[in-house]
Structures are given as structure tokens and as C-alpha cells.
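I opened my notebook to look up how this protein is put together. Here are my entries.

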Amino acid sequence: MKKILLLLILLSAVAKSFGQAPKISLNLNLERNLWQKFTYDLGNMAGGMGYAYSRPLHWEKKQFTNFGYVAAGTASLYLIDDNVDNWANGWRGDVPRWLVDYGNDVGSPNNNFMLTGAVYLTGLFTQNPKLRRTGVLLISSASASGLLQQISKRIIGRARPKADVGKDVFDPLHFDRVFNYDSFPSGHVMLGFTNAYAIAKQFKSPWVKAGLYTLGSIPGLSRIIDRFHWISDVAFSTAISIFIVEAIDRFLDTKYDDKYNLVKKDKKVAWDLQVTPQSFGVVMNF
């Protein structure tokens, strides 16, 4: 009951931040219009997923270069996966358990889709176009990343740290998930950071963005602390989340009047996730 009440309070605050008060009407045409918008949004959710998956077929030199940086950065972290896991043994017990539990909960599929669905439905029923489009972006991005990680982790079959067999052990090509051999990529990280990155796109303030990115990074920290994932799993999953959100957001630009990408032209400060063979982190550009 407390979670439901907290969620309602959160959604009320979010709706107000998007600049429109809820609208209540007894007009019978409203139900028909809502259904039309709902079916239109469902089509765009599916279309956004397909668009994101098809983007590699249309990549040019810049996109392939960026992916090369991500691959090289992931490979570099792969070399030190065992070292990071062993190093974390020295401070795992010092991290507050409530923080770790938050990271695990916010990245779980059930909680994720409960939140994204609530955001979308709030935007739909309050007739708030910006909040409604945000919900479409959240649901389609989470669905695309969720499906991708479920398929890829079955194909790759990497052992989790808690299996205690090392970072180099794989049991690939299983239709059914093999217990403790589904480490790469991380579903919790992809879902958690996808939401944070998608929501951060709606704000101009670099401090708000930085705060949301920080919250979105907690699931990755939690999964490392609980030894569900290696640092390379977390880094790669974070980068793929950004690729998916950016792709779907560009697709939605062609479907909705609100085009969040346009605000980038007016920004004096921009926050980006940068991955190179030598570094991985959040960069602030002036």
C-alpha cells in the first residue's frame, strides 16, 4: 500500500512538472479519442523497437567508430573483471543494504514496467502530450533492451561472479536460462539506466541530468556488490541502453509534435557517457 501511495505522489509531481494539470471530462468522444491515441502509441512502441534493432544496418563511419570504442572499452574491463570482483570484497559489507536493495528493485522487470506503464497512463488520461510521449519512450526503450538482453544472455551464457568459476567461463547457446550462466549483459542495468537516461532527456539542467544518471547507475553497483555481474557486463549494458534510447527517441521525433532532441541546440552544457579504450565515464562538455 505504501508503494502504491508513493507511486501516485510521484506521478502527480511528474505530471505537474510537465506543465499541464489533469483534465477530467464526461465527453463520450473522449473515450474514443483515448482509444485512438492508445492504439497509435502501441504502434509507435512496436515501431520504435524495430527501428532500434535495425539501426546497425544503417550505421555510418561515426556510429561504427563509437561502437568500436564501446567494444574496446568492454574488452579492457573484461581483462580486469576478476580484479574488480576481488577488490570489491573489501568494501561490499560497507555499502548500506537499503541502497543495494533499491538498485536491485528498480532494475527488476516487474517494478520497471509498473513505473513506465504508470507514467504513460498518467500522460494518456490527463491528456498531457509530453508526459504521454515520455511514457511511450520509456516503455519501448525498456521493451527493446529487455528483449535484447534476454536473447543475448542465453546465446552468450557467461558465468556470473557468484558462480566462483572465473570471468572466462561460458556455457553458450541455451534456449532456457542456465542458473548462474546468464551474466552478460545485465538486464537490471539496462532497464534501470534506460529509464534514467530517457527521463533525463526531458530536462535541460545538467545537474538534474547528473542526478538521474547517478540514480540510474545504482542498479549496476548493486549487481556488482551482490556478485550477479562483472564490471564489463555493467559497462556494456549501460552503453547499449544509451544507444537504444537515442534510436527510439529519434524515431518518435517523426511521430509526435514534441521533439526533445531539438533542445540540444540551445544547451551550453551537455552530459554524455563516453567510452574509449582508455576510459569509461560521464563527461561534461561546455
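Before I start, I note one term: a contact means heavy atoms within 4.5 Å. I also note that this is a predicted model.

Entry on Asn 195. I found Asn 195 in helix H8. Is Asn 195 buried or exposed? Asn 195 counts as buried, because its relative accessibility is 7% and the cut-off for buried is under 20%. I then looked up what Asn 195 touches. Leaving out residues up to four places away in sequence, I listed Asn 112, Leu 115, Thr 116 and Leu 138.

Entry on the core. I turned to the largest nonpolar core, which has 33 residues. Which of them touch the most other members? I wrote down Tyr 120, Val 136, Leu 137, Tyr 197, Ile 244, Ile 248 and Leu 252. Six helices each supply at least two residues of this core: H2 (28-54), H6 (109-125), H7 (129-156), H8 (187-200), H9 (206-225) and H10 (231-253). H10 gives the most, with 10 residues.

Entry on Tyr 197. I set aside its neighbours within four places in sequence. Tyr 197 is then in contact with Tyr 213, Ile 242, Val 245 and Glu 246.

Entry on the whole protein. I counted 10 helices and two strands. Along the sequence, the pattern reads α-α-α-α-α-α-α-α-α-α-β-β. The protein has 286 residues, and 44% of them count as buried. I looked up contacts with a separation of 6 or more; residues 24 or more positions apart account for 73% of these. The protein exposes about 15300 Å². Carbon and sulfur atoms supply 65% of that area.

Definitions and conventions: Residues are numbered from 1 along each chain as its sequence is written. This is a predicted model: local features need pLDDT of at least 70, side-chain atom pairs count only at pLDDT 80 or more; totals for chains, interfaces and linings use all residues. Side-chain values use heavy atoms; hydrogens and water are left out. A nonpolar core is a set of buried Ala, Val, Leu, Ile, Met, Phe, Trp, Tyr and Cys residues joined through side-chain atoms within 4.5 Å. Buried means under 20% relative accessible area, exposed over 50%, partly exposed in between (1.4 Å probe, protein chains only). Helices (H or I, at least four residues) and strands (E, at least two) are DSSP runs, numbered from the N terminus. Accessible areas come from the Shrake-Rupley method with a 1.4 Å probe; for residues, only the protein chains shown count as cover.
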